[in-house]
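Visitor: I'd like to learn how to read a protein model, one feature at a time. Could you walk me through this one?

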Amino acid sequence: MINVALPKGRLGNKVFDIFAKAGYDCQEMRESSRQLIFTSEKNNISYFLVKPSDVSIYVEHGAADIGIAGKDILLEYEPDVYELLDLNIGKCKMCVAGKTDFKDNPDVTLRVATKFVNIANTYYKNLNREIEIIKLNGSIELAPILNLSDVIVDIVETGTTLKENNLGVLTEILPISARLIANKASYKFKTDEINTIVERFREELQND
């Protein structure tokens, strides 16, 4: 049995569609339900739904053999897992954003609001830029508006929220997309099964 950690929500639905097209459908998941675990004995596969930011934790600790996590999560938390495949879905960008007229003064410590502390620290360390991190968990866009921070580091998909609040992207840090990841021990003992899933995914992605 291959245990798969799927992120809840829209991304999880897209990923499950890929699994289904690749031959790993599970009819139970097609039905409206509050279940969290779904098993297909026919395909020898079991899915369970978790918060997107928790997928890598379940995989790293072996509760799941494989899972789908955003590149942002992998860079932020650096889980000890194998990254097997870029699914090219859930695409967005990690960006520095702020007021459109913001001018950086390198002589002053830059105040950066973000929930991606590790990514922000790494980015600015590479620039040799002194910063103060202000960790927030939601409504990051409010920080520069209320002068809590100079800029924010956050995921930008369409940029609509920024524009509606008179903010804009100042710098694009890196592209983000969903990745297929595997537990290291599971990959060792279930190599053939997991590699088969990877190859079928590749075929489906090429067909799309």
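Predicted model: local features only at pLDDT ≥ 70, side-chain atom pairs only at ≥ 80, totals over all residues.

Visitor: Now a helix. How do I read its length?

Guide: Compare its reach with the expected span, which is 1.5 Å times one less than its number of residues. Helix 8 (residues 191-207) has 17 residues, and from first C-alpha to last it reaches 24 Å, close to the 24 Å expected.

Visitor: Which residues of helix 8 are buried?

Guide: Buried here means under 20% relative accessible area. In helix 8 that applies to Ile 194, Ile 197, Val 198, Phe 201 and Glu 204. They sit on the same side of helix 8 because they cover an arc of only 125° around the axis.

Visitor: Let me try helix 4. Which of its residues are buried, and which are exposed on the other side?

Guide: Helix 4 (residues 117-126) buries Ile 119, Ala 120, Tyr 123 and Tyr 124. Their arc around the axis is only 115°, so they share the same side of helix 4. On the other side, Lys 125 and Asn 126 are exposed.

Visitor: What covers the buried residues of helix 4?

Guide: Several elements do, including helix 3 (71-77), strand 6 (92-99), strand 9 (151-156) and strand 10 (167-176). While you're there, look just after helix 4: Asn 128 has a positive phi of about 55°.

Visitor: Last one, the largest pocket. How much space lies in it?

Guide: About 800 Å³. It is lined by 35 residues, and Arg 10, Gly 90, Cys 92, Ile 155 and Glu 157 are the closest to its centre.

Visitor: Which elements supply at least two residues of that lining?

Guide: Helix 1 (10-21), strand 4 (66-70), helix 3, strand 9 and helix 6 (160-164) each do. By residue type, the lining divides into 14 nonpolar, 12 polar and nine charged.

Conventions. Residues numbered from 1 in each chain as written. Heavy atoms only, no water. Helix = DSSP H or I, 4+ residues; strand = E, 2+ residues; numbered from the N terminus. Buried < 20%, exposed > 50% of the residue type's maximum accessible area, 1.4 Å probe, protein only. Arc of directions from axis to C-beta. Contact = heavy atoms within 4.5 Å. 1 Å grid on protein atoms, 1.4 Å probe; cavity = no way out; pocket = protein on both sides within 12 Å on 5 of 7 lines; lining within 4 Å. Points joined across faces, edges and corners; volume = space filled by probe spheres on them. Nonpolar A, V, L, I, M, F, W, Y, C, P; charged D, E, K, R; others polar.
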